Amino acid sequence: MYKLNLPPFKIILKPTAGKQQVYDVLRRKYVALTPEEWVRQHFVHFLCEHKGYPLAYMANEVELSVGAKKLRCDSVLYDTALHPRMIMEYKAPTVSITQDVFNQIAAYNMLLKVDYMVMSNGLQHYCCKMDYEGKKYLFLNDIPDFKNL
């Protein structure tokens with residue numbers, strides 16, 4: 001897999017039918033190890049182990065509905081009342097974080113109305129704090145620690 005701009009962690013792998021699987025601590029099961037999943041697992045562990053985000057407040061592959069259309073957020077952070085606080089969108093390291101990626105996560109936010117949006121391909125990471133009063137996004141220099149949200 002790819003070397004990422006994220007700290008290493010104790011990854012749990014399992015080969016099945018010639019394909020590698022990785023243990024997802026949030027879904028509590030093994031999932032296919034794709035380049036995007038490699039980024040997701042590194043990022044989740046980074047948030048928990050280095051930024052203090054509680055595993056219990058996070059979920060992977062969160063389904064959203066817009067009429068009959070189903071969307072899926074890569075990761076969502078909730079508060080203690082289970083209201084969404086942050087959306088995370090991951091791409092494979094070979095996929096650039098472009099305006100299209102920003103538009104994708106912004107569309108999810110139209111449904112969830114979170115305080116923060118994070119995009120990462122494992123090499124580049126972007127975090128926006130929402131300013132709903134000013135109707136704008138404030139790009140942050142770093143992903144905030146959980147205690148500072």
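**Starting from one phenylalanine**

Mentor: F46 has a relative accessibility of 14%, so F46 counts as buried, given that the cut-off for buried is under 20%. Keep in mind as we go that this is a predicted model.

F46 belongs to helix α1, residues 35-51, and so does F43. The two phenylalanines are three residues apart in α1, about one turn of the helix. Here's a handy rule: an α-helix has 3.6 residues a turn, so residues three or four places apart point the same way. F43 is buried too, at a relative accessible area of 1%.

Now look at the rings themselves. A pair of aromatic rings is described by the distance of the centres and the angle of the planes. Searching the whole structure turns up seven aromatic pairs. For F43 and F46, the ring centres are 5.6 Å apart and the planes meet at 65 degrees, so this pair is edge-to-face; the label needs an angle over 60 degrees.

Step back to the helix for a moment. In α1, 13 of the 17 residues are buried, so the helix is mostly covered. You can check its length as well: at 1.5 Å a residue, the 17 residues of α1 should span 24 Å, and the end C-alpha atoms are 23 Å apart, which agrees. Just after α1 comes G52, with a positive phi of about 80 degrees.

Y90 is in β6, the strand of residues 84-90. The backbone nitrogen of Y90 lies 2.7 Å from a polar atom of the D74 side chain. D74 itself is in strand β5, residues 69-78, and at 4% relative accessibility D74 counts as buried. Leaving out residues up to four places away in sequence, D74 touches several others, among them E36, R40, E61, E89 and Y90.

E61 sits in strand β4, residues 58-66, and its phi is near 55 degrees, a positive value in a residue other than glycine. Why is that worth a second look? Most residues other than glycine have a negative phi. E61 has a relative accessibility of 24%, so E61 counts as partly exposed.

Back to the strands. β5 and β6 run antiparallel and are joined by four bridges, with L77 standing opposite M86 of β6. Together β5 and β6 make a hairpin with five residues between them, and L82 in that turn has a positive phi of about 65 degrees. β6 is mostly covered, with six of its seven residues buried.

E89 also lies in β6. E89 has a relative accessible area of 2%, so E89 is buried. The side chain of E89 makes a polar contact with the K91 side chain at 3.2 Å. Beyond the neighbours within four places in sequence, the contacts of E89 include D74, V118, M119 and S120.

That last name takes us to the next strand over. β6 and β7 pair in the parallel sense through five bridges, and M86 has Y116 as its bridge partner in β7. S120 is in β7, residues 116-120, and S120 has a relative accessible area of 0%, so S120 is buried. Which residues does S120 contact, once neighbours within four places in sequence are set aside? Among them are V39, F43, E89 and Y90.

For contrast, finish with a residue on the outside. K135 is in the loop between β8 and β9, and K135 has a relative accessible area of 75%, so K135 is exposed. β8, residues 125-131, and β9, residues 136-140, run antiparallel and are joined by five bridges. In that hairpin, with four residues between the strands, K135 takes a positive phi near 55 degrees, although K135 is not a glycine.

Key
Residues are numbered from 1 along each chain as its sequence is written. This is a predicted model: local features need pLDDT of at least 70, side-chain atom pairs count only at pLDDT 80 or more; totals for chains, interfaces and linings use all residues. Side-chain values use heavy atoms; hydrogens and water are left out. Two strands pair if DSSP finds at least two bridges between them. Rings of Phe, Tyr and Trp (its six-membered ring) pair if their centres lie within 6.5 Å; planes under 30 degrees apart count as stacked, over 60 as edge-to-face and the rest as tilted. Buried means under 20% relative accessible area, exposed over 50%, partly exposed in between (1.4 Å probe, protein chains only). The expected span of a helix is 1.5 Å times one less than its number of residues. A polar contact is a pair of N or O atoms within 3.5 Å; within protein, one must be able to donate a hydrogen and the other to accept it, and residues adjacent in sequence count only if both atoms are side-chain atoms. Contact means heavy atoms within 4.5 Å.
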